[in-house]
Amino acid sequence: MGYSIAQKIIRAHLLEGEMKAGQEIGLRIDQTLTQDATGTMAYLEFEAIGIPRVRTELSVAYVDHNTLQSGFENADDHLYIQSVAKKYGLRFSRPGNGICHQVHLERFGKPGKTLIGSDSHTPTGGGIGMLAMGAGGMDVAVAMGGGAYYITMPKLYKVNLTGTLRPWVSAKDISLEILRILSVKGGVGAIIEWGGEGIRHLTVPQRATITNMGTELGATTSIFPSDEVTRAFLAAQGREEDYIPLESDADAEYDRVIDIDLSTLRPLLACPHSPDNIRAAEDLSDIKVDQVCIGSCTNSSLADMLKVAAMLKGRHIADSVSLSVSPGSRQVLTMLADCGALSDILESGARLLECACGPCIGMGFSPNSEGVSLRTFNRNFEGRSGTKDAQVYLVSPEVAVASALTGHITDPRTLGDCPEITLPASFRIDDSAILMPADEEEAKNLTVRRGPNIKPMPESVPLPDVIDATLTLKVGDNITTDHIMPAGAKILPYRSNIPYMSRFCFSVCDETFPERALAAGASVVVGGSNYGQGSSREHAALVPLYLGVKAVVAKSFARIHAANLINAGILPLVFENPEDYDRLQQGAHVQLSGLHAALKSGKFTLRDTDTGAEYPLTGSFSERQIAMLMAGGLLKYTKGV
């Protein structure tokens with residue numbers, strides 16, 4: 001039997017375990033990235049490990065999330081990250097240089113390499129044939145120290161593309177189509193490999209859009225072959241020497257194969273409030289649009305922006321619409337300015353925002369009350385935009401511009417001929433905003449700058465044999481990390497201040513939860529299916545830890561969040577009988593006993609001490625994870641070995 005692309009990379013980086021689906025494997029990590037919303041905590045954890053220098057081939061610290069500096073907090077955190085990078089051997093991408101995934105694709109990504117990042121959309125790197133995965137900050141800290149990154153060996157899905165995209169249909173529509181097919185849970189526990197004759201017509205930016213959105217499937221990662229399209233992209237970036245060919249063997253086997261004929265696709269949208277709530281643009285033309293946002297790590301490449309500029313040239317947006325445009329990197333922005341496309345964008349009435357994540361993470365440009373916002377982003381979870389009652393749709397740049405021009409959701413095919421764009425043979429290279437670290441000798445004399453907003457991490461404790469707790473919160477299916485620990489301009493500046501952030505934990509679901517959890521002392525949270533989907537933010541585990549959450553019981557978990565809970569020393573358990581979810585009531589007093597033995601058997605019992613009812617639970621933990629929980633989480637485990 002031959003190997004898939006992912007298997008070939010895993011095989012070359014395998015440190016522990018076997019490539020058998022369902023088994024835990026440990027991988028050598030070549031590259032890491034962080035962004036500032038998660039980076040401060042990751043570097044505090046790296047410092048706590050006590051290793052004097054990163055041991056990866058390349059580690060980059062990006063500032064792209066918390067770029068609004070309305071107070072001292074963000075600026076202080078940026079200085080902290082910059083000083084950590086200089087001392088410990090990382091490159092530092094300054095604020096304004098661009099979104100981590102876009103810049104990493106342009107300047108650092110290499111086919112065949114492993115990459116983990118403390119951002120769930122790190123699989124963007126799969127667009128050039130990397131095995132790129134989102135992870136919690138603690139996992140990234142360990143990898144920077146030379147430790148293995150552990151995952152459960154995924155299943156393998158293959159998506160075969162045939163045909164070519166018709167005018168006005170784009171890579172975003174391919175992403176939305178696979179979400180329609182699989183749902184936000186359909187990729188859990190799988191790596192999705194894209195192939196078939198149809199990929200020959202997809203550029204690297206288009207491929208990166210697709211691998212970026214694969215995160216919304218719950219997939220471990222997504223990956224394309226490294227081929228002549230990849231070579232051309234790297235050559236245009238002045239990095240052709242980084243190219244290697246990489247493809248699957250003809251006899252590679254997959255757990256599932258999905259066929260998509262590109263010529264049958266039409267412009268699609270994801271309706272509120274889930275990326276898999278898919279409809280055709282032509283079916284929603286009666287919906288008035290208040291706001292349009294173009295950018296994010298999904299659709300902010302030069303190719304995307306040139307298409308936007310071509311559609312806007314000589315036109316003006318509707319009076320009722322507010323349009324923002326966020327280029328993905330300084331390279332994209334300067335090239336738009338050089339060729340005149342930026343003027344076409346600005347003359348249309350669009351507002352130019354910084355080369356950063358911005359509105360995608362709720363950092364400014366929030367919609368009006370009950371506003372309809374069309375966004376070329378990857379997530380439309382309730383409240384993520386910063387406006388709780390906003391109606392957010394995910395769209396392609398083509399649908400975004402068409403709708404901005406008309407003032408209502410518009411199928412771009414109604415606009416006539418689709419403008420053709422041509423990408424330059426070479427891109428403008430200027431890495432002056434990426435700061436290099438000090439050499440090892442100089443680094444010994446450097447100190448790290450810490451502002452007053454940086455607080456100690458919450459203290460985890462070894463797992464006791466018995467947990468007596470209150471069921472302080474019961475939530476439903478598809479609870480996201482935005483539900484657990486919201487983002488936005490009011491909260492993001494406190495990413496390094498867990499006590500302050502705790503005031504907002506689960507506030508989207510129940511504003512009284514933080515106060516009740518602190519009063520209870522020890523808590524259990526109960527959830528439905530796909531608990532913890534979305535962002536890789538480990539704050540969604542660290543803040544509940546601070547509030548006294550000892551265990552989370554759910555019908556099923558998203559991969560990264562389950563790992564983050566274990567890293568924090570919180571027990572993730574699954575209902576053996578999903579119908580038991582309905583029987584448990586918020587406010588109940590519960591007990592988990594015999595935990596040390598149960599960790600090995602995988603069989604747990606939750607007892608309602610008020611009624612005497614018992615609920616069987618399961619938990620599948622590797623020997624390493626058992627040792628982590630017994631130690632009190634990954635940080636204590638790492639420092640103790």
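**Figure 1. Helix α1 against strands β9, β10 and β11.** In this predicted model, helix α1 (residues 5-13) lies across β9 (155-162), β10 and β11. The direction of helix α1 makes an angle of about 125° with β10. Helix α6 (residues 171-182) also packs on the sheet, where it touches β9, β10 and β12. Its direction makes about 135° with that of β12.

**Figure 2. The open parallel sheet β11-β10-β9-β12.** Four strands form this open sheet, in the order β11-β10-β9-β12, with parallel pairing. From one strand to the next, the twist averages 20°. Strand β10 (residues 190-195) is joined to β11 by 3 bridges, and the two run parallel. Within this pairing, glutamate 193 has isoleucine 223 of β11 as its bridge partner.

**Figure 3. The open antiparallel sheet β1-β2-β8.** Here 3 strands form an open sheet in the order β1-β2-β8, and the pairing is antiparallel. β1 (14-16) and β8 (149-152) are the edge strands; each has a single partner strand, so one side of each is left without a neighbour in the sheet. The twist averages 45° from one strand to the next. Between β1 and strand β2 (residues 24-27) there are 2 bridges in the antiparallel sense. Glutamate 16 has glycine 26 in β2 as its bridge partner. Helix α1 lies across β1 and β2 and runs at about 55° to β1.

**Figure 4. Strand β18 and its parallel partners.** Both faces of strand β18 (residues 372-375) are covered. On one side Val372 and Leu374 are buried, and on the other Ser373 and Arg375 are buried. Strand β15 (residues 291-294) pairs with β18 in the parallel sense over 3 bridges, and cysteine 293 stands opposite arginine 375 in β18. Strand β19 (residues 391-394) runs parallel to β18 and is joined to it by 4 bridges. In that pairing, serine 373 stands opposite valine 392 in β19.

**Figure 5. The enclosed helix α9.** Of the 11 residues of helix α9 (residues 302-312), 10 are buried, so the helix is largely enclosed by the rest of the structure. Among the buried residues are Leu302, Met305, Leu306, Val308 and Leu312; Asp304 and Lys307 are buried as well. The elements that cover the buried residues of α9 include α7 (204-213), β15, β16 (322-325), α10 (330-339), α11 (341-347) and α12 (397-406). Just after α9, glycine 314 takes a positive phi of about 75°.

**Figure 6. The nonpolar cores.** In soluble globular proteins, nonpolar side chains tend to be buried together. The largest nonpolar core of this model has 105 residues. Those with the most contacts inside this core are Phe506, Phe513, Tyr531, Leu571, Phe604 and Phe621. Helix α5 (residues 137-144) gives the most to this core, with 6 residues. A second, separate core has 41 residues, including Met305, Val308, Ala318 and Leu323.

**Figure 7. The surroundings of phenylalanine 513.** Residues up to four places away in sequence are not counted in this view. Phenylalanine 513 touches Thr472, Leu473, Cys505, Phe506, Val525, Leu547 and Val549.

Technical notes
Residues numbered from 1 in each chain as written. Predicted model: local features only at pLDDT ≥ 70, side-chain atom pairs only at ≥ 80, totals over all residues. Heavy atoms only, no water. Core = buried A, V, L, I, M, F, W, Y, C linked by side-chain atoms within 4.5 Å. Buried < 20%, exposed > 50% of the residue type's maximum accessible area, 1.4 Å probe, protein only. Contact = heavy atoms within 4.5 Å. Pairing = 2+ DSSP bridges. Axes fitted to C-alpha atoms, helices over the stretch in contact; angles between N-to-C directions.
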